[in-house]
Amino acid sequence: MNLSRLALSLGQSATLKLNELANNLKAEGKPVIHLGGGEPEEKIPGGAFSESKKLLDGGFVRYTPTSGTAPLKKEIAAYTEAHYGVKPGPKNIVVASGAKQAIYNFLVSVVDPGDEVIFPAPYWVSYPEMVRLAYGTPVVVRPRPGELLCSAEDIECHLTSRTKAILLNSPNNPSGQVYPESFIREMVEICEGRNIYLLMDDIYNRLVFDGLKAPSAFTFSKKPLHDSNIVSINGVSKTFSMTGYRIGWSVANEAVTQAMVKVQAQVSSCPSALSQAAAAGALREGDAFVEGLKKSLEKKRDVMVAELAKLKKVKLHKPQGTFYSFPDFSAYDKDSTKLSNLLLDKAMVVTVPGVEFGLEGHLRLSYCGSEKDIVEGVSRIRKTLD
Ligand SMILES: Cc1ncc(COP(=O)(O)O)c(C=O)c1O
């Protein structure tokens, strides 16, 4: 088969592969419990439904401007101002087909072959491969043993003259940890001082528990948005339970935004008009939906933590946000792939091996499903391992 070196070198998305596996097993009637998922079980907000229906009822579903429709950008601007302390104009926003495409647009727009993009482990599974897709070099910074968050010094000692960007996801998939204010402030200072980009993957940023708030990088910036080194990625997939709509966006300075629009214009023209209408409807509806989702996830987080505490040899940093936990199972098996396979074979529970997130010895267990599944899934794990 005549495939490109790039295609041959790319790894599969472990999480999407496991989703497919879980769905196939369920379709075969197997009593599988999927603790590997990455989407809330809640229905979409009412505004998302009514706005997309309105467009559909009109009978015209057309291309939109490449960077997104004016009504959606208006909602994104208001949302960004309310939650991130900066008000973007239409020339600072690109609506994309998911946060994933927004990250890809950014990387392709700023990374030259051989440029380095730094991100801490544990990281979202797609970061290394997306950096490679842009012909960049992923540079992974690992936390100290037993920790899930790097320090600013850990990041600093990986900076080189080829560093183009630092990529952060807070709260973090898979660990659920929130980077503290002091860390984010230092990252902003480093990036502004060296004139490199700070990409904040803020996709879970509103899903934070215990009265905490994930700090917004913009609040520590000394630069106005039109000159900013910060690029914020966001979307409706997680916070509004709209994964299937595929709407994400970027907020960045105008030059980077223009480059990202060019990339998107040549790759996908624009995101779906129906999905953009739905996303505007969801954002317009305001905070009630997000607050409800957050409350429900916080309760499920507590159930997950209580169930995991029953395992004899698991170590857990309590998740502060998202809908993932990332317990250390290394006392059972240091090889997370082997352990994940064992749990699928013996307990029919789908988990994601920590090695896929750059941190061996852990498993990612999601708590976005039903409480019943969380209790039953972890109980099966316990029976298998203890
Ligand atoms: C950290 C992180 N960033 C980005 C995304 C992509 O989001 P979207 O579904 O909007 O493309 C995900 C999805 O799992 C994620 O976990």
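**Helix packing, domain contact and ligand shell**

In helix 4, residues P71, L72, E75, I76 and Y79 meet Q276, A279, A280, L283 and R284 of helix 10, where contact requires C-beta atoms, placed from the backbone, to lie within 7 Å, and where helices (H or I, at least four residues) and strands (E, at least two) are DSSP runs numbered from the N terminus. The structure is a predicted model, in which local features need pLDDT of at least 70 and side-chain atom pairs count only at pLDDT 80 or more, whereas totals for chains, interfaces and linings use all residues. Residues are numbered from 1 along each chain as its sequence is written.

Helix 4 (residues 70-84) and helix 10 (residues 273-284) pack at an angle of about 35°, with 9 Å between their axes, the axes being lines fitted to C-alpha atoms over the stretch in contact and the angles running from 0 to 180 degrees between N-to-C directions.

The protein chain is assigned domain 1 (5-44 + 288-385) and domain 2 (46-285), with bounds taken from an automatic or database domain assignment. Between these domains, 33 residues of domain 1 are in contact with 34 residues of domain 2. On the domain 1 side, helix 11 gives the most, with eight residues, and the residues of that side comprise 15 nonpolar, 11 polar and seven charged.

Around the ligand lie 13 residues, of which G98, A99, K100, W124 and S237 come nearest, a residue being counted if its C-beta atom, placed from the backbone, lies within 6 Å. The shell divides into three nonpolar, eight polar and two charged residues.

Notes: Contact = placed C-beta atoms within 7 Å. Nonpolar A, V, L, I, M, F, W, Y, C, P; charged D, E, K, R; others polar.
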